[in-house]
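Subject: Structure handover

Hello,

Here is the structure I promised to pass on. Please open it alongside this note; my findings follow below.

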Amino acid sequence: MKGIMVIGYWLIMNFKLKHIYIITVMLLATAMTMVSCDDAEKRERISREQREAERKADSAALKIAVLPTMDCLPIVVAKELRLFDTLNVDVRLRKYNALSECRKALKDGVVEGADTNMTFRFLTAKKARLSRISQLSDKMIAADRDGISKKMAEAAIDSMLRKKQHVFIVQVEDLNVRYDMLQNGNIDAALLPEPYATRAIKIGAREISMKPYYKDTVKATGVVFREEVMKHPDRQKQRAQFDKALKAAKDSIKRYGAEGYVKFLFLK
């Protein structure tokens, strides 16, 4: 900037007065450009530093994969009520709509933990007018690629095969898509967790009891963590604080009821 002013003074002293205005404007424009470039470089440097700081913070945080289901509600409530912050543990939720996505995130190391337990209800579409397993001949059931929902669908199929009838499993991983397909009658039946199941029943879906065909039950046992990661002392401390916050969230849900908290499940 000092060099520009020296050059400007020399030009003004050696040119006619009528050129002074033009020269002054040129010098000011050049100076403003240089200042602008300096500011841009400073912003970029700060931006890089901020991105690196955020990357390190995210890497150190306890990242948990969650679904918009009632089984994940305590985790979501603990986050919304800032219970993790109260216990001074940085927990970051990674939100997915499919159980397969949670499992992949866990496998790929994107998250340290995931709540992959879900309880399902066997529902039939309003348009299908089905109320018994025996009516599912040549019908389509939407379920996950693997897991409990697939086993329940297979149990229904097994019961039909004994009568020489066929049922088809359609792989629909995304819970929102599965719900919409059932609502619109694009599939005949679907395995849905809460709160999707209750929402579907309210708009006309029917529930079929699976007790005669599928006797296994699943209880939410908490979050599954990557074993190799949780061996680190810092991670173990995070886990301990995470469990405390989760217990407090469950107590709050039990005391005040789940209805007021369902909105936190980010349902569309």
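Two rings of Phe, Tyr or Trp count as an aromatic pair if their centres lie within 6.5 Å. Planes under 30 degrees apart make such a pair stacked. Please keep in mind that this is a predicted model.

**Aromatic pairs**

With that cut-off, a search of the whole structure gives four aromatic pairs. One of them joins F84 and F242. F84 belongs to helix 4 (residues 83-86) and F242 to helix 9 (residues 233-256). The pair therefore ties together parts that are 158 residues apart in sequence.

Ring pairs link F84 and F242 with F225 into a cluster.

A charge also sits over a ring elsewhere. R199 lies over the face of Y179, at 4.7 Å from the ring centre.

**Helix 3**

Next, look at helix 3, which covers residues 73-80. Six of its eight residues are buried, so the helix is largely enclosed by the rest of the structure. The buried ones are L73, P74, I75, V76, V77 and A78. What covers them? The cover includes strand 1 (62-66), helix 4, strand 2 (91-95) and helix 9. After helix 3 comes R82, with a positive phi near 60°.

Five strands form an open sheet with mixed pairing, in the order 6-5-7-4-8. Its edges are strand 6 (167-171) and strand 8 (206-207), each of which pairs on one side only.

Strands 5 and 6 pair in the parallel sense, over five bridges. Within that pairing, M140 stands opposite F168 of strand 6. Strand 5 also runs parallel to strand 7, and two bridges join them. There, A142 has A190 in strand 7 as its bridge partner.

Strand 4 (residues 120-124) and strand 8 run antiparallel, joined by two bridges. L123 stands opposite E207 in strand 8.

Helix 7 (residues 175-184) lies across strand 4, strand 5 (139-143) and strand 7 (189-193). The helix runs at about 135° to strand 7.

K139 lies in strand 5. How exposed is K139? Its relative accessibility is 24%, so it counts as partly exposed. Buried would need a value under 20%. K139 and V167 are 28 residues apart along the chain, yet their C-alpha atoms are separated by 5.4 Å. Leaving out residues up to four places away in sequence, K139 touches L130, H166, V167, F168 and D188. F168 is also the residue that stands opposite M140.

**Where to begin**

Then follow helix 3, with six of its eight residues buried. Finish on the sheet, reading the strands in the order 6-5-7-4-8.

Best wishes

Technical notes: Residues numbered from 1 in each chain as written. Predicted model: local features only at pLDDT ≥ 70, side-chain atom pairs only at ≥ 80, totals over all residues. Heavy atoms only, no water. Pairing = 2+ DSSP bridges. Helix = DSSP H or I, 4+ residues; strand = E, 2+ residues; numbered from the N terminus. Contact = heavy atoms within 4.5 Å. Axes fitted to C-alpha atoms, helices over the stretch in contact; angles between N-to-C directions. Buried < 20%, exposed > 50% of the residue type's maximum accessible area, 1.4 Å probe, protein only. Phe/Tyr/Trp six-rings, centres within 6.5 Å; stacked < 30°, edge-to-face > 60°. Lys NZ or Arg CZ within 6 Å of the ring centre and 35° of its normal.
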